[in-house]
Amino acid sequence: MYKVVLIDDEPIILEGMSKGFDWKKYDAQVVGTAEDGNEGIEVIRQKHPDIVFTDISMPNMDGLTMLAALKSEFPKLQVSILTGYRNFDYAQKAIRLGITRFLTKPSKMDELNEAMEVMTKKLKETNAKMETGAEEEGVANNFIVQNALTYIDAHYKEKLKLSDVADQVYVSQWHLSKLLNRHTGKSFSDILNQKRIEEAKELLKDPFYRIGDIAQETGFMDIAHFSRVFKKMVGVSANEYRNQKKNN
């Protein structure tokens, strides 16, 4: 039996779909519901569904990033969007991320039936499913990595942890770590330190910035930590680097 999860911030929609649709017709059963994206992802991690119907216009949620997260972390998952957000460009982006159907509210029963027919067919076609999964998965993975790198670039001055970035892109820490390593060849810590050191090198060109100020400005806990990382990555101390640039 196929397991289904429904995600929507309108309780009436969740109840209507849970009780008003003939899931047994497709050998399916609703095993969980959620009223926001973060809760929905947790339900998915707990229940391991085969099929998800989700809204993407919920508060405090980046819909496309959530969709990419689902297809990246759960590549075999069949996902259909159910939303009142009518935008062709948005729908095209969602489909490129591997979404099966883009349904606008209020959806007709025949549209839901058609979506279920397509999703259950894909689940049955194991070989085709694996090939397709390997591909939008690729698109979804790229989407997640780029969003993560953009977030790191914008927040490197903060006490940034892998879990902070993972929360922003709706995937687990373990999955994000794997994706970053696969796509960049570097760990999260290396990516973050590289960004911080590149910014520090720019600040060192200004003689009015003290080393301690630069360490704080680029997000390091203290000057000792900054000095260790700088020498390890650049090969010389921050003062030596500054003097080299001054002499040049």
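Predicted model: local features only at pLDDT ≥ 70, side-chain atom pairs only at ≥ 80, totals over all residues.
1. Five strands might be read from the order β2-β1-β3-β4-β5, which describes an open sheet with parallel pairing. At its edges stand β2 (28-34) and β5 (101-104); each has a single partner strand, so one side of each is left without a neighbour in the sheet. Neighbouring strands are turned against each other by 20 degrees on average, direction ignored.

2. **Strand β4.** In strand β4 (residues 78-83), 6 of the 6 residues are buried, so the strand is largely enclosed by the rest of the structure. Q78, S80 and L82 point one way from β4, whereas V79, I81 and T83 point the other way, and all are buried.

3. **The pairing of β3 with β4.** Strand β3 (residues 51-54) pairs with β4 in the parallel sense, over 4 bridges.

4. Helix α5 (residues 109-124) lies across β1, β2, β3, β4 and β5, and runs at about 145 degrees to β3.

5. **Helix α3 against α7.** Two packed helices are described by the angle between their axes and the distance between the axes. For helix α3 (residues 63-73) and helix α7 (residues 136-155), the axes come within 8 Å and cross at roughly 125 degrees. That angle makes α3 oblique to α7. The crossing in which α3 passes α7 is left-handed. On the α3 side the contact involves L64, T65, A68, A69, K71 and S72, which meet E137, A140, N141, F143, I144 and N147 in α7. The residues of this contact of α3 with α7 divide into 6 nonpolar, 4 polar and 2 charged.

6. **Helix α3 against α4.** Helix α4 (residues 88-96) packs with α3 at an angle of about 15 degrees, and the two axes are 10 Å apart. This makes α3 roughly parallel to α4. Here α3 passes α4 in a right-handed crossing. G63, L64 and L67 in α3 meet Y90, K93 and A94 in α4. The residues of the contact of α3 with α4 comprise 4 nonpolar, 1 polar and 1 charged.

Definitions and conventions
Residues numbered from 1 in each chain as written. Heavy atoms only, no water. Axes fitted to C-alpha atoms, helices over the stretch in contact; angles between N-to-C directions. Helix = DSSP H or I, 4+ residues; strand = E, 2+ residues; numbered from the N terminus. Parallel < 35°, antiparallel > 145°, perpendicular 65-115°, else oblique. Left-handed = near helix turned anticlockwise from the far one by under 90°. Contact = heavy atoms within 4.5 Å. Nonpolar A, V, L, I, M, F, W, Y, C, P; charged D, E, K, R; others polar. Buried < 20%, exposed > 50% of the residue type's maximum accessible area, 1.4 Å probe, protein only. Pairing = 2+ DSSP bridges.
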